[in-house]
Each structure stands twice: as C-alpha cells, then as structure tokens.
Amino acid sequence: MGQEGGGASGRGLCHGPAGLGDEDGLPVASLGVLGPWQQQGMADSAQAQKLVYLVTGGCGFLGEHVVRMLLQQEPRLCELRVFDLHLGPWLEELETGPVQVTAIQGDVTQAHEVAAAVAGAHVVIHTAGLVDVFGRASPETIHEVNVQGTQNVIEACVQNGTRFLVYTSSMEVVGPNIKGQPFYRGNENTPYEAAHRHPYPRSKALAERLVLEANGRKVRGGLPLVTCALRPTGIYGEGHQIMKDFYHQGLRLGGRLLRAIPASVEHGRVYVGNVAWMHVLVARELEHRAPLMGGQVYFCYDNSPYKSYEDFNMEFLGPCGLRLVGSRPLLPYWLLLFLATLNALLQWLLRPLLLYAPLLNPYTLAVANTTFTVSTDKALRHFGYEPLFSWEESRARTIRWVQAGEDSTQ
Ligand SMILES: NC(=O)c1ccc[n+]([C@@H]2O[C@H](COP(=O)([O-])OP(=O)(O)OC[C@H]3O[C@@H](n4cnc5c(N)ncnc54)[C@H](O)[C@@H]3O)[C@@H](O)[C@H]2O)c1
Ligand SMILES: CC(C)CCC[C@@H](C)[C@H]1CC[C@H]2[C@@H]3[C@H](O)C=C4C[C@@H](O)CC[C@]4(C)[C@H]3CC[C@]12C
C-alpha cells in the first residue's frame with residue numbers, strides 16, 4: 001500500500017465541520033472504494049456526498065465490518081478514514097470509487113496522531129481497543145489504550161470541532177460482576193451491581209463514562225459534542241478469531257469438543273454485521289436526534305438465540321463437523337476453577353520467561369459460567385434500529401466463514 005506524508009488526501013472534495021482546516025503529520029494511504037453496485041446506489045441517491053467519517057480500530061474484527069457497512073449504507077459519505085495501529089491488507093482490495101478511503105496507521109495513545117486523524121471529520125466511530133481478558137497485555141497497557149486512548153479521541157473532537165462521537169463499549173461495562181450474579185434478559189435500565197476487578201471491563205467502564213460525560217461539551221466553533229455508547233454482548237461472525245480457535249481445537253480432538261459449561265447458563269451473543277449496522281445507524285441519527293440520543297447507552301442486540309456459550313458455538317461448529325460431547329459438563333465446576341486458577345498461577349510464574357495465556361482463566365470461566373443476556377428495544381425506539389441480518393443469515397454467513405478456513409472476513 002502506498003503511503004503519503006502530510007494530511008489525508010481527498011479532503012479537498014469534502015468540507016470539514018464548520019469549515020475547519022486539516023492538520024498534517026500522519027502516514028496515510030488513499031484508497032478509492034465502492035464496487036459498481038455501490039456506485040449505482042450512490043448515483044441513484046439525490047443526496048450529495050459530503051461527510052467525512054473516521055473509524056478508529058477500523059482494521060479489527062468489528063472495525064472492518066463497520067468500514068464495509070459504512071461504504072454500503074451511508075450515501076452521504078465523502079471520505080472514510082480508517083485509523084488503526086495495524087493496517088489490514090484487505091484495504092488494498094478496495095477499488096477507486098466516489099468515496100475516498102484514507103488508511104491511517106496510528107496509535108490512539110498518541111494524542112497528536114489522533115488529533116491529526118480527527119481534523120476535518122464530522123463523525124468519529126471509536127472502536128479501537130485492547131480486547132484482552134487472557135492476560136496478554138499488562139493492566140497498565142489496557143488502561144492506556146482503552147481509557148487514555150478514548151480521552152485522546154474526545155479531546156481531538158473538541159479541538160477540531162467534530163460533533164458526533166460513537167463509542168464501542170461492551171456488555172462487560174455492566175457485567176458479569178465479580179459476584180457472578182446473573183443478568184437475565186435485562187435491558188439498559190435493569191438494576192445490576194456493576195463491580196469489576198479485571199482490567200479489561202474496568203477500562204471499558206471508565207472509557208464509557210468519559211464518553212458519556214463528554215456529551216454536551218462545547219467543541220471548537222461553539223456547538224455541543226453529541227456522544228453515545230454501544231454495548232455489544234459477545235460478538236460472533238466472519239473474523240471472530242476465538243470461534244476459529246475452538247474449531248481448530250475440536251479438529252485436534254478428533255472432531256469433538258468437551259462440554260464445560262451447563263447448557264442452562266445463557267450467554268448473550270450478537271452478529272457482527274448487526275453490530276456494525278447499529279454503529280452506522282447511530283452515527284447517522286445522532287445529528288437529528290441529539291436531545292434524545294446524546295449521552296445514552298444502547299445494548300447491541302439481534303435475534304440470535306439465547307444459549308450457553310458452547311451450545312451457541314455449536315450452531316456453527318456443528319455444521320462444520322464438530323460434536324459437543326456431554327449433555328452436562330464433563331468436569332465438575334470445582335475442578336474447572338482449579339485448572340483456571342492453575343493457569344493463572346502458571347501465567348504469573350512463567351511471565352519472566354514466556355507469555356502463557358490460555359483461554360481458560362478464573363475471569364473467562366466466570367464470564368462463560370454466568371448468565372448474562374439482554375432483551376431490549378431501546379435502539380428501535382430511539383433510532384429505528386432493526387437487525388439487518390436475520391438469525392438464519394447470520395448463522396449461514398458465519399458457517400461459510402468457518403468452513404472457508406481463511407482469515408479474511410469476506
Ligand atoms: N469482540 C467482542 O465480542 C466485543 C464485544 C463487546 C465490545 N467489543 C469492543 O469492540 C471493539 C472492537 O473489538 P474487536 O473484537 O473488533 O477487537 P479487535 O482486537 O479485533 O479490534 C481492535 C482494533 O483496535 C486496534 N487497536 C488496538 N490498539 C490500538 C491503538 N493503540 N491504536 C490504534 N488502534 C488500536 C487493533 O489493531 C484492532 O484492529 C473494542 O473496543 C472492544 O472492546 C468487542
Ligand atoms: C470456560 C471455557 C470452556 C470457555 C472459555 C470461553 C471464553 C474464552 C469466552 C466466554 C465468553 C467470552 C467473552 C464474552 O463473549 C464477551 C466479551 C466481551 C467483549 O467486550 C470482549 C470479549 C469477551 C470478553 C469474550 C471473550 C472470550 C470469552 C471470555
């Protein structure tokens with residue numbers, strides 16, 4: 001991918017918020033996008049292309065879906081900036097088209113890099129984050145990326161006159177909490193004691209609070225910032241690495257996975273395409289419904305069935321040839337907890353020598369073993385959200401992706 005110095009190219013075509021100028025300083029690469037079908041859609045639209053969007057973490061699992069969804073579903077898009085620590089090779093596949101796609105390699109912990117990327121953007125969708133519940137990164141690093149990174153994004157919006165900020169939060173901002181209390185098909189108003197010890201949910205909760213408290217702050221030019229936060233449950237779909245890990249583990253075990261969690265424990269899941277669609281809709285509607293939506297949180301939901309983590313995975317892994325052995329957990333809970341604790345101890349002991357970060361640890365066991373599901377229509381009431389993909393389609397797409405055996409989401 002070619003890289004350019006200086007400000008993001010293509011901005012001359014789009015007008016920044018309140019006519020603010022751009023800043024220089026980041027390595028960027030401009031990529032035209034949109035297939036012919038999308039271009040047709042644009043031609044049909046009477047709306048002028050004028051908006052500049054920035055997606056942080058745009059090369060991650062969710063971020064890539066948000067980027068592709070914006071290109072398909074946001075006809076007013078003029079420039080789409082994709083900001084990530086690691087730019088994905090798939091960006092290169094995007095062809096020249098009416099929307100300018102600008103790839104920006106940058107780090108959210110570096111305030112000047114974020115400010116340069118935000119300059120001239122109308123809307124920021126902040127999905128970048130360090131998703132680590134396995135002890136791969138230090139608590140300090142998780143805090144720096146998730147909390148300081150989010151603060152940098154907010155300040156960049158304020159400095160640059162960018163008025164609309166959508167933050168990808170997480171269900172873990174609420175729970176499961178350290179007491180392992182169930183949250184059964186709750187909504188945004190369901191009382192629940194949100195108490196965290198783990199660095200990841202703690203960082204997401206702090207970052208979410210920063211975003212919500214920033215709602216109403218005056219940005220450059222004097223208008224108020226409008227923010228909101230989306231809280232996905234466990235996301236699945238094309239690009240979901242943990243699903244692939246379970247698939248390969250099952251293949252290694254001769255086509256079997258061993259049940260560890262009771263089937264009665266419900267774990268909330270949502271299809272990545274619907275999460276992306278919800279981000280696009282929120283970003284679009286924030287301007288018109290600022291008094292209603294500003295400072296609000298929304299769980300991300302769709303029609304995926306309520307099941308245990310393992311039973312849900314079998315909806316995809318079953319058709320790929322795997323079998324879940326046991327109608328009840330094959331190991332007693334106390335033994336699983338012992339193994340999880342042993343893993344944590346080994347991680348700590350081995351840390352000076354190597355990184356030992358298995359999927360099973362006391363925290364992941366608690367999350368998988370505690371009912372946490374949502375049932376709400378807040379997003380429908382506030383901004384007309386309905387899932388774009390049915391459960392059948394979400395399932396079929398995910399199965400196709402697991403079977404394809406590649407890492408691309410397409
Ligand atoms: N995966 C889930 O089930 C889930 C559920 C709820 C919420 N979320 C949230 O959704 C967001 C995206 O998660 P994901 O599952 O796509 O994770 P991911 O790791 O696939 O994507 C995160 C992206 O952020 C980028 N990033 C990390 N540190 C960065 C930095 N310092 N500067 C710039 N970019 C950086 C990564 O390179 C990556 O591309 C995260 O904020 C996460 O907390 C994820
Ligand atoms: C006990 C073992 C059999 C299974 C271990 C599974 C474990 C790795 C899974 C279970 C639940 C998963 C989390 C859940 O889906 C929701 C989220 C929220 C999101 O913000 C980040 C990812 C995360 C924590 C999932 C990580 C993997 C978990 C813990």
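**Exercise 1. Work out whether arginine 197 is buried or exposed.**

Step 1: Find the residue. Arginine 197 sits in the loop between β7 (183-186) and α5. Helices (H or I, at least four residues) and strands (E, at least two) are DSSP runs, numbered from the N terminus.

Step 2: Recall the rule. A residue is buried if 20 or more other C-beta atoms lie within 10 Å of its own, exposed if 12 or fewer, and partly exposed in between, with C-beta atoms placed from the backbone.

Step 3: Apply the rule. Arginine 197 has 9 other C-beta atoms within 10 Å, so arginine 197 is exposed.

A word on the model: it is predicted, so local features need pLDDT of at least 70 and side-chain atom pairs count only at pLDDT 80 or more, while totals for chains, interfaces and linings use all residues. Residues are numbered from 1 along each chain as its sequence is written, and chains are lettered from A and ligands numbered from 1 in the order in which they are written.

**Exercise 2. Now classify arginine 185 and describe its phi.**

Step 1: Arginine 185 belongs to strand β7.

Step 2: Arginine 185 counts as partly exposed, because 15 C-beta neighbours lie inside 10 Å.

Step 3: Its phi is near 50°, a positive value in a residue other than glycine. Most residues other than glycine have a negative phi.

**Exercise 3. Find which residues the cis peptide bond joins.**

Step 1: Look in the loop between β6 (164-168) and β7, where proline 176 lies.

Step 2: The cis bond joins glycine 175 and proline 176, with omega about 5°. Most peptide bonds are trans.

**Exercise 4. Describe how α2 and α7 are arranged.**

Step 1: The axes of helix α2 (residues 61-73) and helix α7 (residues 272-285) come within 8 Å and cross at roughly 60°. Axes are lines fitted to C-alpha atoms, for helices over the stretch in contact, and angles run from 0 to 180 degrees between N-to-C directions.

Step 2: α2 is therefore oblique to α7. Angles under 35 degrees count as roughly parallel, over 145 as roughly antiparallel, 65 to 115 as roughly perpendicular and the rest as oblique.

Step 3: The residues in α2 that meet α7 include Phe61, His65 and Met69; among their partners in α7 are Val272, Ala276 and Trp277. Two residues are in contact if their C-beta atoms, placed from the backbone, lie within 7 Å.

Step 4: Sort this contact by class: 10 nonpolar residues, four polar and no charged. Ala, Val, Leu, Ile, Met, Phe, Trp, Tyr, Cys and Pro count as nonpolar, Asp, Glu, Lys and Arg as charged, and the others, Gly among them, as polar.

**Exercise 5. Say what surrounds each ligand.**

Step 1: Ligand 1 has 25 residues around it, the closest being Gly57, Gly60, Phe61, Leu62 and Gly129. A residue is near a molecule or strand if its C-beta atom, placed from the backbone, lies within 6 Å of it. The largest share of this shell, three residues, comes from α2.

Step 2: Ligand 2 is surrounded by 17 residues, and helix α11 (residues 362-368) gives the most to that shell, with four residues. The shell around ligand 2 divides into 12 nonpolar, four polar and one charged.
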